[in-house]
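Please look over the structure first.

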Amino acid sequence: MKTIAYQGVKGAFSYMTALKEFGKDNHFKGLQTFREVFERVQSGEADCAVIPIENSLIGSIYENYDLLNIYEMRIIGEYFTKIEQCLLTISISHEQEYEQLRTIKKVLSHPKALEQCACFFQKYPWMEAVVYMDTAAAAAEIASRGDPTWAAIASASAGELYGLQILKKGIEDNPMNYTRFVTVTKKEVQSDQVDKCSLLVQLKHVPGALAELLKQFADQAINLTKIESRPHQGSSFEYLFYVDLEFIGRKQQEIEDLLNKLCSKVQKLKILGFYKRGTLWIS
(Lines give C-alpha, C1' and ligand atoms only; values in the text may rest on other atoms or scores of the structure.)
Protein backbone atom coordinates (compact mmCIF):
# COMPACT_ATOMS: atom_id res chain seq x y z
CA MET A 1 0.00 0.00 0.00
CA LYS A 2 1.32 3.43 -0.97
CA THR A 3 0.67 6.79 0.65
CA ILE A 4 -0.26 9.31 -2.04
CA ALA A 5 -0.43 13.01 -1.17
CA TYR A 6 -2.62 15.56 -2.92
CA GLN A 7 -3.81 19.11 -2.34
CA GLY A 8 -7.38 19.36 -1.09
CA VAL A 9 -9.87 17.02 0.52
CA LYS A 10 -11.79 13.93 -0.56
CA GLY A 11 -13.80 14.74 -3.68
CA ALA A 12 -11.25 17.20 -5.12
CA PHE A 13 -10.18 16.71 -8.75
CA SER A 14 -6.66 15.84 -7.52
CA TYR A 15 -8.12 13.18 -5.25
CA MET A 16 -10.28 11.71 -8.02
CA THR A 17 -7.32 11.62 -10.42
CA ALA A 18 -5.10 9.90 -7.83
CA LEU A 19 -7.83 7.39 -7.02
CA LYS A 20 -8.36 6.59 -10.70
CA GLU A 21 -4.66 6.09 -11.40
CA PHE A 22 -3.58 4.25 -8.23
CA GLY A 23 -6.74 2.45 -7.12
CA LYS A 24 -8.59 2.42 -3.82
CA ASP A 25 -6.21 -0.01 -2.07
CA ASN A 26 -3.87 2.83 -1.12
CA HIS A 27 -3.79 5.60 1.46
CA PHE A 28 -4.64 9.06 0.12
CA LYS A 29 -3.50 12.05 2.18
CA GLY A 30 -5.15 15.41 1.49
CA LEU A 31 -3.20 18.55 2.47
CA GLN A 32 -4.04 22.23 2.52
CA THR A 33 -1.28 23.61 0.26
CA PHE A 34 0.85 22.41 -2.64
CA ARG A 35 4.00 23.18 -0.64
CA GLU A 36 2.82 20.82 2.11
CA VAL A 37 2.31 18.13 -0.53
CA PHE A 38 5.89 18.49 -1.76
CA GLU A 39 7.22 18.55 1.80
CA ARG A 40 5.46 15.27 2.70
CA VAL A 41 7.04 13.53 -0.29
CA GLN A 42 10.44 15.10 0.43
CA SER A 43 10.33 13.92 4.05
CA GLY A 44 9.28 10.40 3.07
CA GLU A 45 5.89 10.63 4.80
CA ALA A 46 4.28 10.10 1.40
CA ASP A 47 5.53 7.80 -1.35
CA CYS A 48 4.43 10.16 -4.10
CA ALA A 49 2.04 12.99 -4.90
CA VAL A 50 -0.43 13.80 -7.66
CA ILE A 51 -0.40 17.49 -8.56
CA PRO A 52 -2.03 19.61 -11.28
CA ILE A 53 0.48 21.24 -13.59
CA GLU A 54 -1.63 22.97 -16.26
CA ASN A 55 -5.19 23.49 -17.41
CA SER A 56 -6.47 23.83 -20.96
CA LEU A 57 -8.45 27.01 -20.13
CA ILE A 58 -6.24 28.97 -17.74
CA GLY A 59 -2.77 27.65 -18.50
CA SER A 60 0.00 26.60 -16.14
CA ILE A 61 -0.28 26.16 -12.39
CA TYR A 62 2.79 28.33 -11.78
CA GLU A 63 3.14 27.52 -8.10
CA ASN A 64 3.79 23.88 -8.89
CA TYR A 65 6.36 24.68 -11.56
CA ASP A 66 8.22 26.78 -8.99
CA LEU A 67 8.02 23.96 -6.43
CA LEU A 68 9.49 21.52 -8.95
CA ASN A 69 12.52 23.80 -9.03
CA ILE A 70 12.79 24.09 -5.24
CA TYR A 71 12.34 20.41 -4.34
CA GLU A 72 14.31 17.43 -5.62
CA MET A 73 11.46 15.51 -7.20
CA ARG A 74 11.03 13.35 -10.27
CA ILE A 75 7.95 13.28 -12.50
CA ILE A 76 7.11 9.62 -13.15
CA GLY A 77 3.73 9.87 -14.88
CA GLU A 78 1.11 12.20 -16.31
CA TYR A 79 -2.67 12.02 -16.60
CA PHE A 80 -5.39 14.19 -18.14
CA THR A 81 -8.66 14.67 -16.28
CA LYS A 82 -11.83 16.16 -17.77
CA ILE A 83 -12.97 19.00 -15.54
CA GLU A 84 -16.67 19.78 -15.28
CA GLN A 85 -17.50 22.47 -12.76
CA CYS A 86 -20.91 22.51 -11.06
CA LEU A 87 -22.69 25.12 -8.96
CA LEU A 88 -23.59 23.31 -5.74
CA THR A 89 -26.07 24.45 -3.10
CA ILE A 90 -27.99 23.02 -0.20
CA SER A 91 -31.33 21.52 -1.19
CA ILE A 92 -33.78 24.30 -0.44
CA SER A 93 -37.04 24.19 -2.40
CA HIS A 94 -38.74 23.51 -5.71
CA GLU A 95 -38.26 27.08 -6.93
CA GLN A 96 -37.37 27.70 -10.56
CA GLU A 97 -33.63 27.64 -11.31
CA TYR A 98 -33.40 31.39 -11.90
CA GLU A 99 -35.15 32.16 -8.61
CA GLN A 100 -32.66 29.97 -6.77
CA LEU A 101 -29.77 31.63 -8.59
CA ARG A 102 -31.07 35.04 -7.48
CA THR A 103 -30.78 34.01 -3.82
CA ILE A 104 -27.08 33.12 -4.06
CA LYS A 105 -24.75 35.91 -2.91
CA LYS A 106 -21.38 34.20 -2.39
CA VAL A 107 -19.71 31.33 -4.24
CA LEU A 108 -16.74 29.48 -2.73
CA SER A 109 -14.08 27.59 -4.69
CA HIS A 110 -10.40 27.15 -5.42
CA PRO A 111 -9.00 30.21 -7.25
CA LYS A 112 -8.22 28.18 -10.39
CA ALA A 113 -11.79 26.86 -10.52
CA LEU A 114 -13.11 30.41 -10.17
CA GLU A 115 -10.87 31.48 -13.08
CA GLN A 116 -12.30 28.69 -15.22
CA CYS A 117 -15.81 30.08 -14.60
CA ALA A 118 -15.17 33.78 -15.32
CA CYS A 119 -18.03 34.02 -17.85
CA PHE A 120 -20.47 32.55 -15.33
CA PHE A 121 -19.76 35.39 -12.89
CA GLN A 122 -20.16 37.94 -15.67
CA LYS A 123 -23.59 36.48 -16.43
CA TYR A 124 -24.63 36.54 -12.73
CA PRO A 125 -22.88 39.68 -11.44
CA TRP A 126 -24.64 39.67 -8.05
CA MET A 127 -22.67 36.57 -7.05
CA GLU A 128 -19.34 37.22 -5.31
CA ALA A 129 -16.52 34.78 -6.06
CA VAL A 130 -14.81 33.81 -2.79
CA VAL A 131 -11.43 32.06 -2.83
CA TYR A 132 -11.23 28.84 -0.82
CA MET A 133 -8.49 26.22 -0.38
CA ASP A 134 -10.06 23.60 -2.62
CA THR A 135 -13.18 22.81 -4.67
CA ALA A 136 -14.26 19.84 -2.53
CA ALA A 137 -13.43 21.67 0.70
CA ALA A 138 -15.68 24.49 -0.54
CA ALA A 139 -18.49 21.96 -1.04
CA ALA A 140 -17.97 20.62 2.49
CA GLU A 141 -18.09 24.17 3.88
CA ILE A 142 -21.37 24.94 2.09
CA ALA A 143 -22.89 21.72 3.43
CA SER A 144 -21.89 22.62 6.98
CA ARG A 145 -23.15 26.22 6.69
CA GLY A 146 -26.63 25.25 5.57
CA ASP A 147 -27.13 28.76 4.16
CA PRO A 148 -29.01 28.97 0.81
CA THR A 149 -27.29 32.29 -0.04
CA TRP A 150 -23.92 30.51 -0.26
CA ALA A 151 -22.83 28.05 -2.97
CA ALA A 152 -19.72 26.20 -4.09
CA ILE A 153 -18.12 25.42 -7.44
CA ALA A 154 -16.88 21.83 -7.47
CA SER A 155 -17.38 18.48 -9.17
CA ALA A 156 -20.64 16.54 -9.25
CA SER A 157 -18.86 13.85 -7.22
CA ALA A 158 -18.06 16.38 -4.49
CA GLY A 159 -21.71 17.46 -4.50
CA GLU A 160 -22.85 13.87 -4.03
CA LEU A 161 -20.22 13.23 -1.37
CA TYR A 162 -21.31 16.21 0.74
CA GLY A 163 -25.05 15.97 0.07
CA LEU A 164 -25.46 19.07 -2.07
CA GLN A 165 -27.80 19.87 -4.93
CA ILE A 166 -26.42 20.56 -8.42
CA LEU A 167 -28.05 23.83 -9.43
CA LYS A 168 -26.09 24.26 -12.67
CA LYS A 169 -23.75 21.83 -14.40
CA GLY A 170 -20.85 22.57 -16.77
CA ILE A 171 -20.43 26.23 -15.82
CA GLU A 172 -16.79 26.48 -16.95
CA ASP A 173 -16.08 28.92 -19.79
CA ASN A 174 -15.46 26.15 -22.33
CA PRO A 175 -16.47 22.47 -22.18
CA MET A 176 -13.01 21.49 -23.51
CA ASN A 177 -11.70 21.83 -19.96
CA TYR A 178 -8.91 19.41 -19.07
CA THR A 179 -6.26 19.47 -16.38
CA ARG A 180 -2.89 17.81 -16.77
CA PHE A 181 -1.74 16.09 -13.58
CA VAL A 182 1.67 14.59 -12.86
CA THR A 183 2.90 12.13 -10.26
CA VAL A 184 6.06 13.21 -8.45
CA THR A 185 8.31 11.19 -6.17
CA LYS A 186 11.77 11.35 -4.61
CA LYS A 187 12.79 8.03 -6.11
CA GLU A 188 13.54 7.70 -9.80
CA VAL A 189 11.53 4.89 -11.40
CA GLN A 190 13.17 2.96 -14.24
CA SER A 191 10.93 1.99 -17.16
CA ASP A 192 11.41 1.12 -20.81
CA GLN A 193 7.99 2.61 -21.62
CA VAL A 194 9.00 6.28 -21.32
CA ASP A 195 8.53 8.63 -24.27
CA LYS A 196 8.40 12.08 -22.67
CA CYS A 197 10.77 14.24 -20.63
CA SER A 198 10.41 17.46 -18.62
CA LEU A 199 13.33 19.82 -18.04
CA LEU A 200 14.19 23.02 -16.26
CA VAL A 201 16.81 25.14 -18.07
CA GLN A 202 18.59 28.32 -17.04
CA LEU A 203 20.27 29.89 -20.07
CA LYS A 204 23.51 31.81 -20.18
CA HIS A 205 22.87 35.54 -20.36
CA VAL A 206 24.15 35.97 -23.93
CA PRO A 207 22.45 36.84 -27.25
CA GLY A 208 20.94 33.89 -29.08
CA ALA A 209 21.02 31.52 -26.10
CA LEU A 210 17.38 30.46 -26.44
CA ALA A 211 17.64 30.14 -30.22
CA GLU A 212 20.70 27.90 -29.81
CA LEU A 213 18.85 25.69 -27.31
CA LEU A 214 15.89 25.27 -29.65
CA LYS A 215 18.21 24.53 -32.57
CA GLN A 216 19.80 21.66 -30.66
CA PHE A 217 16.41 19.99 -30.30
CA ALA A 218 15.35 20.78 -33.87
CA ASP A 219 18.55 19.30 -35.31
CA GLN A 220 17.73 16.02 -33.54
CA ALA A 221 14.08 16.12 -34.73
CA ILE A 222 12.82 16.22 -31.15
CA ASN A 223 9.30 17.55 -30.66
CA LEU A 224 8.93 20.22 -27.97
CA THR A 225 5.35 20.19 -26.66
CA LYS A 226 5.80 23.02 -24.14
CA ILE A 227 8.24 25.81 -23.34
CA GLU A 228 7.46 28.36 -20.68
CA SER A 229 9.48 30.92 -18.76
CA ARG A 230 9.34 31.65 -15.04
CA PRO A 231 11.22 34.35 -13.09
CA HIS A 232 14.50 33.18 -11.60
CA GLN A 233 14.20 33.78 -7.86
CA GLY A 234 17.00 36.01 -6.57
CA SER A 235 17.76 37.58 -9.95
CA SER A 236 16.22 40.63 -11.60
CA PHE A 237 14.55 39.93 -14.94
CA GLU A 238 16.28 36.62 -15.51
CA TYR A 239 14.25 33.55 -16.31
CA LEU A 240 14.12 29.79 -16.10
CA PHE A 241 12.59 27.79 -18.93
CA TYR A 242 10.42 24.73 -18.37
CA VAL A 243 10.50 22.42 -21.37
CA ASP A 244 8.50 19.31 -22.24
CA LEU A 245 9.69 17.11 -25.08
CA GLU A 246 8.50 13.88 -26.67
CA PHE A 247 10.76 11.20 -28.13
CA ILE A 248 8.34 8.55 -29.37
CA GLY A 249 10.13 5.55 -30.90
CA ARG A 250 13.53 6.56 -29.51
CA LYS A 251 15.58 5.37 -26.56
CA GLN A 252 15.85 7.29 -23.30
CA GLN A 253 19.64 6.98 -23.51
CA GLU A 254 19.68 9.01 -26.75
CA ILE A 255 17.90 11.86 -24.99
CA GLU A 256 20.14 11.64 -21.94
CA ASP A 257 23.23 11.85 -24.19
CA LEU A 258 21.85 14.97 -25.88
CA LEU A 259 21.03 16.59 -22.54
CA ASN A 260 24.53 15.85 -21.25
CA LYS A 261 25.95 17.70 -24.27
CA LEU A 262 23.59 20.62 -23.64
CA CYS A 263 24.86 21.06 -20.06
CA SER A 264 27.96 22.89 -21.32
CA LYS A 265 25.83 25.31 -23.34
CA VAL A 266 23.49 26.42 -20.53
CA GLN A 267 23.84 27.79 -17.01
CA LYS A 268 21.77 25.02 -15.45
CA LEU A 269 19.86 21.98 -16.69
CA LYS A 270 17.69 19.96 -14.33
CA ILE A 271 15.88 16.85 -15.53
CA LEU A 272 12.46 16.82 -13.89
CA GLY A 273 11.65 13.35 -15.10
CA PHE A 274 11.34 10.74 -17.84
CA TYR A 275 7.87 9.22 -18.05
CA LYS A 276 5.18 7.84 -20.33
CA ARG A 277 3.01 10.55 -21.82
CA GLY A 278 -0.62 10.58 -20.79
CA THR A 279 -3.54 10.06 -23.14
CA LEU A 280 -6.00 12.90 -23.63
CA TRP A 281 -9.42 11.39 -24.25
CA ILE A 282 -11.66 14.00 -25.88
CA SER A 283 -15.30 13.33 -25.05
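Searching the whole structure turns up three cavities of 30 Å³ or more. A cavity is a set of points on a 1 Å grid over the protein atoms alone where a 1.4 Å probe fits but cannot get out. This is a predicted model: local features need pLDDT of at least 70, side-chain atom pairs count only at pLDDT 80 or more, and totals for chains, interfaces and linings use all residues. Residues are numbered from 1 along each chain as its sequence is written, and side-chain values use heavy atoms, without hydrogens and water.

**Largest cavity**
- The largest cavity holds about 260 Å³ of space, the volume being that filled by probe spheres set on the points.
- Its lining has 18 residues (an atom within 4 Å of a point).
- Closest to the centre are Phe13, Pro52, His110, Lys112 and Gln116.
- H1 (13-22), S3 (48-55), H5 (111-116) and S11 (178-185) each supply at least two lining residues; helices (H or I, at least four residues) and strands (E, at least two) are DSSP runs.
- H5 gives the largest share, three residues.

**Open sheet**
- Four strands form an open sheet in the order S13-S14-S12-S15, with antiparallel pairing (at least two DSSP bridges).
- S13 (223-231) and S15 (268-275) are the edge strands, each with a single partner, so one side of each lacks a neighbour in the sheet.
- S12 (196-202) and S14 (239-246) pair over seven bridges.
- Leucine 200 has tyrosine 242 in S14 as its bridge partner.

Notes
On a 1 Å grid over the protein atoms alone, a cavity is a set of points where a 1.4 Å probe fits but cannot get out, and a pocket is an open set with protein on both sides within 12 Å along at least five of seven lines; lining residues have an atom within 4 Å of a point.
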